[in-house]
Amino acid sequence: MSHGVRAAGVLALAAGLAAAGEDEFDRGLARLELRAAAQAASERAERPSRERITLGGDDGASLWVGGTLQTRYQASFRDGDGLGSEDDTLGFSIRRLRIRLEGKLPDDRASFRIRTESAPGSETRLLEAYVDFRPVEGLRLRVGQSINRFSRIWYTPNTYQLAVDRPIVVNQTHPVAFLRSQGFEMELRNESDRFFLQLTEGSLSFNSGFDGSPDDWAVTARWDHKFAGAWSQLGQLTSPPGSEFAAVVGAGFHAEGSDDDEDGRLAWTVDGSVYGDGWVVTAGYLGRSAEDLNVGGSQPESVHSVFVEGGRYLSDRFEVFARYEHSLTSDDGVEDFSFVTAGFNYYFFGQPLKLSADISYAINEVDDVYDRSVDGLLEDLAGEDGQIVVRTQLQLLF
């Protein structure tokens with residue numbers, strides 16, 4: 001059986017489940033105003049867990065308890081396993097299981113968040129732990145460990161992405177060690193502009209002790225300009241039917257180094273999104289210089305990547321999307337990376353219960369610079385190309 005037939009079969013099964021689910025839910029939820037629910041989910045995209053489990057104190061302090069479960073069935077179809085036969089890899093995984101505690105202190109200006117994660121092949125780990133303080137309107141100060149604000153495609157939660165997961169090329173500028181850092185963050189925001197400044201210990205300070213990072217300093221700056229819409233509307237990369245028009249562009253810059261590392265590390269990005277009534281388009285460019293230590297080991301000295309994706313709702317619950325991404329490196333031995341993805345989302349109850357499925361095609365050979373097994377993309381044998389990746393995911397937010 002050919003790769004294409006097998007991949008199409010997996011995707012068709014997911015689509016069939018979505019269609020069956022729609023018939024069943026239509027009978028049971030005939031009076032539910034799904035468009036209003038989708039719009040409400042959009043408006044609270046930045047802090048979706050606050051309306052779930054809430055524990056309040058007499059002194060005005062509150063604690064919100066929530067989490068994320070993403071379970072997947074993934075399939076990778078490649079040519080060649082060293083014996084000239086097909087090498088197909090299929091199976092289930094719990095992509096993410098996260099528990100989050102967040103709340104506010106008696107003084108409404110102070111809040112906090114603690115979040116842990118269990119992921120395939122790793123022990124439970126601390127993702128975020130920080131305290132926020134808002135001394136005046138439009139200013140937020142943060143101390144602790146939190147997500148890096150370098151690019152919007154990254155700091156938009158994985159639960160609010162358009163496809164099953166972020167573009168593969170994003171991970172070459174955001175290696176595992178660059179995802180979160182310990183230090184200080186400041187956010188300035190007004191009606192049309194938002195600015196982030198982070199002073200941290202750099203890429204390797206994630207869950208490290210005070211002497212655990214090789215970098216002495218790191219600076220991350222991010223600026224977003226909103227032409228239309230509300231900031232809360234821009235907290236996700238989809239636009240449900242009934243949404244108002246919105247548009248945003250932004251740019252990010254990161255630099256880090258130490259006394260022992262003269263070259264340091266630089267990274268930069270430009271991106272933007274346009275939202276409409278049931279449709280959205282997002283595009284971005286990311287680049288970096290200096291060698292990184294990623295999952296695959298030593299990485300090229302420089303990487304330049306672009307992506308563009310768009311989605312369209314065909315009904316209040318059913319959304320189709322497509323994405324193209326391309327990347328090139330300074331390493332002459334690494335082929336350019338081109339990846340095409342198409343799929344759908346079915347929103348049973350908006351983002352809190354969502355079925356997603358997509359199919360991707362790697363136009364070029366997948367080198368170890370780009371392989372990402374947790375998202376279904378595996379390294380090809382030398383000279384092989386045309387890998388097909390199929391992913392289905394059920395997402396639950398609680």
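Which residues form a negative surface patch?

Guide: The model is predicted, so local features need pLDDT of at least 70 and side-chain atom pairs pLDDT 80 or more, whereas totals for chains, interfaces and linings use all residues. Residues are numbered from 1 along each chain as its sequence is written, and side-chain values use heavy atoms, without hydrogens and water.

The negative surface patch consists of D79, E335, D336 and D385. Asp and Glu count as negative, and the charge is placed at CG of Asp or CD of Glu. Areas follow the Shrake-Rupley method with a 1.4 Å probe, and for residues only the protein chains shown count as cover.

One of these residues, D385, lies in the loop between β18 (353-362) and β19 (388-397). Strands are DSSP runs of E with at least two residues, and helices are runs of H or I with at least four, numbered from the N terminus. D385 is partly exposed because its relative accessible area is 42%, between the limits for buried (under 20%) and exposed (over 50%).

As for the setting, the chain has 4 helices and 19 strands. Of its 398 residues, 51% count as buried. The chain exposes about 17,100 Å², of which carbon and sulfur atoms supply 59%.

Conventions:
Patch = residues over 30% accessible without salt bridge, like charges linked within 9 Å, V, L, I, M, F, W, Y side chains within 5 Å. Salt bridge = Lys/Arg side-chain N within 4 Å of Asp/Glu carboxyl O. Buried < 20%, exposed > 50% of the residue type's maximum accessible area, 1.4 Å probe, protein only.
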